[in-house]
Amino acid sequence: MTEAAELPQAPEAAQAVFGEFMPEAVRYAELLADAGVKRGLIGPREVPRLWERHLLNCAVLSEVVPEGVTVCDVGSGAGLPGIPLALVRPDLKITLLEPLLRRTNFLQEVVELLGLDHVTVVRGRAEEMMGTLSPVHVVTARAVAPLDRLAGWGVPLLRPYGEMLALKGDTAEEELRGARAALSKLGVVETSVLQVGEGLVDPLSTVVRVEVGESPGGVRFAAKRAKAARVSRSRRRR
């Protein structure tokens, strides 16, 4: 039996979440269960719970993403949460940021196969992207790193007054408490832990929301951001 054959039928909640994009969601699940496993992007034991634990868990993040904004999915990996979010929110402009070539190749194939014209795949490390990527309204991430380290990568990519939305597990509150000092240095002005997916996923998806003020990244990144802006202006004049 192949990995793809082990993929269970989509639960009823999937239709409610993905709506008219349900065929694309099924195709993505099939790609994860087959090529995703063969290329080592997800473990074979994850295939039976792809829908509940991965696709739906990520797609309900859309409940807390504002309309029509720019999004950068940091450490996108196999496309979680970026691709499920893109499937349910065609109003967003999403960048999937991932440093590993085999993963970006998979992501590019998925984007093209599913016709996700509002999604761009970029290969690179978040900490090297300042001045290369335009600042975004929202940074998303899932299971990438502890919150303090994740914020160090994601927060500097935000526009002033933007927010980072990190999908976390049961330790979300504990991680947030332990990261408060680091978050403050990064220019974070507000934090909260949200539960999303009521009536759609069980357990609910836990999201840590980190909101920044007028200086994303704090003092440490202010000079870098100013330099990147000067370089960008200089290039446009040429």
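Hello everyone, and a few ground rules before we look around. Because this model is predicted, local features need pLDDT of at least 70 and side-chain atom pairs count only at pLDDT 80 or more, while totals for chains, interfaces and linings use all residues. Residues are numbered from 1 along each chain as its sequence is written, and side-chain values use heavy atoms, with hydrogens and water left out.

Let's start with the whole chain. It has 8 helices and 7 strands; these are DSSP runs numbered from the N terminus, with helices (H or I) of at least four residues and strands (E) of at least two. Of the 238 residues, 49% are buried, where buried means under 20% relative accessible area, exposed means over 50%, and partly exposed is in between, using a 1.4 Å probe and protein chains only. A contact means heavy atoms within 4.5 Å. Among contacts between residues at least 6 apart in sequence, 68% join residues at least 24 apart.

Grid points are joined across faces, edges and corners, and a volume is the space filled by probe spheres set on the points.

The largest pocket holds about 530 Å³ of space. Its lining has 22 residues, with Arg53, Asn57, Arg142, Lys168 and Pro203 nearest the centre. By class, that lining has 10 nonpolar, 6 polar and 6 charged residues; here Ala, Val, Leu, Ile, Met, Phe, Trp, Tyr, Cys and Pro count as nonpolar, Asp, Glu, Lys and Arg as charged, and the others, Gly among them, as polar.

The second largest pocket has a volume of about 430 Å³. Gly75, Gly77, Glu98, Arg103 and Val144 lie nearest the centre of this second pocket, out of 22 lining residues.

Which element gives the largest share of the lining of the largest pocket? That is H3, with 5 residues. Helix H3 spans 50–59, and strands E5 (158–168) and E7 (205–212) each supply at least two lining residues as well. H3 is largely enclosed by the rest of the structure, because 8 of its 10 residues are buried. Among those buried residues are Trp51, His54 and Asn57. Their cover includes helices H1 (12–18), H2 (22–38) and H4 (82–88), along with strands E4 (136–142), E5 and E7.

Next, the backbone. Most residues other than glycine have a negative phi, and most peptide bonds are trans. Leu80 and Pro81 are joined by a cis peptide bond, with omega about 10°, and Pro81 is in the loop between E1 and H4. Another cis bond runs from Asp202 to Pro203, with omega near 5°. Pro203 sits in the loop between strand E6 (188–196) and E7. Over in strand E5 is Tyr161, whose phi is positive, near 65°. Is Tyr161 buried or exposed? At 61% relative accessibility, Tyr161 counts as exposed.

One last stop: Pro66, in the loop between H3 and strand E1 (70–74). Pro66 counts as partly exposed, at 35% relative accessibility. Residues that Pro66 touches include Arg89, Asp91 and Val138.

Note on methods. 1 Å grid on protein atoms, 1.4 Å probe; cavity = no way out; pocket = protein on both sides within 12 Å on 5 of 7 lines; lining within 4 Å. Lists of a residue's contacts leave out its neighbours within four places in sequence.
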